[in-house]
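Colleague: I am new to this structure and would like to learn how to read its features one by one. Could you take me through them, giving the general idea before each case?

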Amino acid sequence: NRSQFSPGGSVSFIPTSAFDGFRSDAVNYVKLRASYGTAPGFPAPYRTRNVLALNPQAFVTANGNVISTSVSNTLANPDLKPELSKEYEVGIEARLLNNRLNFEATYYNRETEDQIFTRSLPPESGFLFTTENVGNVKNEGIEISFNATPVELENFDWRIGGQFTKNESTVEGIVGDQFLYGGLFSTPQNAAINGEPLGVIFGSRVARDENGNMLVDENGFWIQDSEDGIIGDPNPDWFATLNTGFTYKNWNLSMQWEYQQGGDIYATTIGALIGRGVVKSSENQDPTQSVILPGVREATGEPNDIQITMTEAYFDIIGFGLDEQLIYDATHLRLREASLGFNMPKRLLENTPFGTLNLSLVGQNLFVKAFNTPDDVNYDPELNSLGVGNSQGFDYLTSWNSRRYGLSVKLTF
């Protein structure tokens with residue numbers, strides 16, 4: 001289990017070089033390419049054997065004895081193997097119209113075998129985690145990018161470029177059909193489920209009838225389904241980036257816009273704000289008024305008409321109820337960065353030791369619009385409370401990205 005063979009290779013063909021007369025002012029360069037590659041993935045150290053940790057300040061008993069060794073809370077797995085990713089891709093690159101329009105398109109198909117995941121263990125086992133090889137994950141997608149100069153004059157030019165990516169993942173080969181991982185508590189968690197995208201959010205949900213109507217009990221509350229299930233998918237449908245820049249004499253302005261379509265997030269921040277009534281839309285709500293939850297009464301099959309209090313509806317159900325109620329669509333538009341710069345004219349630098357001087361005002365995260373979350377929350381879906389790793393789509397009262405401003409000064413001598 002300590003080695004992995006990972007071959008790879010690529011081929012390309014350039015028609016503009018191979019055929020006389022193919023290259024012109026309209027078609028400057030064309031390249032067709034195909035490749036196949038493999039890449040191993042290894043776990044963190046000490047995942048295949050249990051070790052003792054040495055720390056002279058780990059623990060001091062009541063008698064003053066220093067306990068300097070401890071056992072890791074991760075159970076070693078001697079059968080753990082490195083994962084292996086196999087990928088093939090085909091693509092085209094082109095430069096057109098005297099190099100004023102460049103584009104590149106790629107299709108890829110990637111399969112990762114023996115995917116490495118960290119799984120939670122019950123504390124009574126003496127450990128909290130273990131590392132396992134869990135099934136295979138297939139990823140298939142396209143990437144398209146372009147750069148263009150629509151306008152190019154003596155004192156003015158306009159540049160624009162962008163990228164579009166779409167990826168679909170599918171889990172296969174999971175023993176027992178599903179594997180839960182990630183999350184901060186026992187529910188909700190990410191899940192690897194055969195036939196589903198990797199990382200779907202698995203948690204508690206409202207019971208429904210055969211027509212999909214939510215079921216309500218005789219107290220007016222939604223009934224929890226006896227089995228947890230898939231309540232969201234954090235993987236976006238597609239993602240796009242647009243960069244544009246303008247130059248006028250010594251001034252330049254550039255912006256980077258980003259758009260994400262789809263993807264879900266478990267947002268406790270939204271739930272807490274709405275449930276506690278601290279958003280603007282709750283200012284005019286009368287706490288003495290009652291609320292009727294949508295759905296049908298389980299006992300009668302008729303539309304629900306049982307009233308509950310405002311506190312019960314917003315705090316107990318929407319704010320801190322079932323996991324399903326905290327799932328929001330993460331579609332959003334973002335102005336990732338914008339800058340305004342000025343290049344000092346050469347004549348003003350003639351009697352100085354400087355060759356060039358550029359001054360720029362730069363701003364990041366200047367605008368974010370989440371289209372399917374409450375407007376008065378001003379929510380930023382680009383969050384992951386659990387940091388870098390396989391877990392995704394969880395917001396546990398996390399502060400979103402700050403808006404930042406800066407001044408840049410670039411000098412050459």
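**Reading the model, feature by feature**

Modeller: Strand 6 and strand 7, the latter covering residues 101-113, are paired antiparallel through 13 bridges, and please keep in mind throughout that this is a predicted model.

Colleague: How should I read such a pairing, and which residue stands opposite Glu93 in strand 7?

Modeller: In general, the strands of a sheet are held to one another by backbone hydrogen bonds, in either a parallel or an antiparallel arrangement. Here the residue facing Glu93 is Glu104 in strand 7. Strand 7 also pairs with strand 10 (residues 136-152), again in the antiparallel sense, over 12 bridges, and in that pairing Arg110 has Asn139 of strand 10 opposite.

Colleague: What lies between strand 6 and strand 7, and how do I read the backbone angles there?

Modeller: The general idea is that most residues other than glycine have a negative phi, while most peptide bonds are trans. Strand 6 and strand 7 make a hairpin with four residues between them, and in its turn Leu97 shows a positive phi of about 55 degrees. Asn98, which sits in the loop between strand 6 and strand 7, likewise has a positive phi of about 55 degrees although it is not a glycine. Lys249 belongs to the loop between strand 17 and strand 18, and its phi is positive too, near 55 degrees.

Colleague: Which residues are joined by a cis peptide bond?

Modeller: Thr187 and Pro188 are joined in this way, with omega at about -5 degrees, and Pro188 is placed in the loop between strand 12 (178-181) and strand 13 (189-193).

Colleague: Is Ser85 buried or exposed?

Modeller: Ser85 is part of strand 6 (residues 83-96), and it counts as buried because its relative accessibility is 18%, with the limit for buried set at under 20%. The side chains of Ser85 and Thr112 are joined by a polar contact of 3.0 Å, and, beyond its neighbours within four places in sequence, the contacts of Ser85 include Gly37, Thr38 and Ala39.

Colleague: And how does Asp305 compare as a case to read, where is it found?

Modeller: Asp305 lies in the loop between strand 21 (296-297) and strand 22 (308-309), and it is partly exposed, with a relative accessible area of 48%. When residues up to four places away in sequence are not counted, Asp305 touches Ile292 and Arg297, and a polar contact of 3.0 Å links its side chain to that of Arg297.

Colleague: Which strands form the open sheet of three, and in what order?

Modeller: The order is 23-19-26, with mixed pairing, and the edge strands, each pairing on one side only, are strand 23 (327-329) and strand 26 (394-395). Strand 19 (residues 264-267) runs antiparallel to strand 23 and is joined to it by three bridges, one feature of this pairing being that Tyr266 has Ile327 as its bridge partner in strand 23. Helix 2 (residues 268-275) lies across strand 19, strand 23 and strand 26, at about 50 degrees to strand 19.

Terms used: Residues are numbered from 1 along each chain as its sequence is written. This is a predicted model: local features need pLDDT of at least 70, side-chain atom pairs count only at pLDDT 80 or more; totals for chains, interfaces and linings use all residues. Side-chain values use heavy atoms; hydrogens and water are left out. Helices (H or I, at least four residues) and strands (E, at least two) are DSSP runs, numbered from the N terminus. Buried means under 20% relative accessible area, exposed over 50%, partly exposed in between (1.4 Å probe, protein chains only). A polar contact is a pair of N or O atoms within 3.5 Å; within protein, one must be able to donate a hydrogen and the other to accept it, and residues adjacent in sequence count only if both atoms are side-chain atoms. Contact means heavy atoms within 4.5 Å. Two strands pair if DSSP finds at least two bridges between them. Axes are lines fitted to C-alpha atoms, for helices over the stretch in contact, and angles run from 0 to 180 degrees between N-to-C directions.
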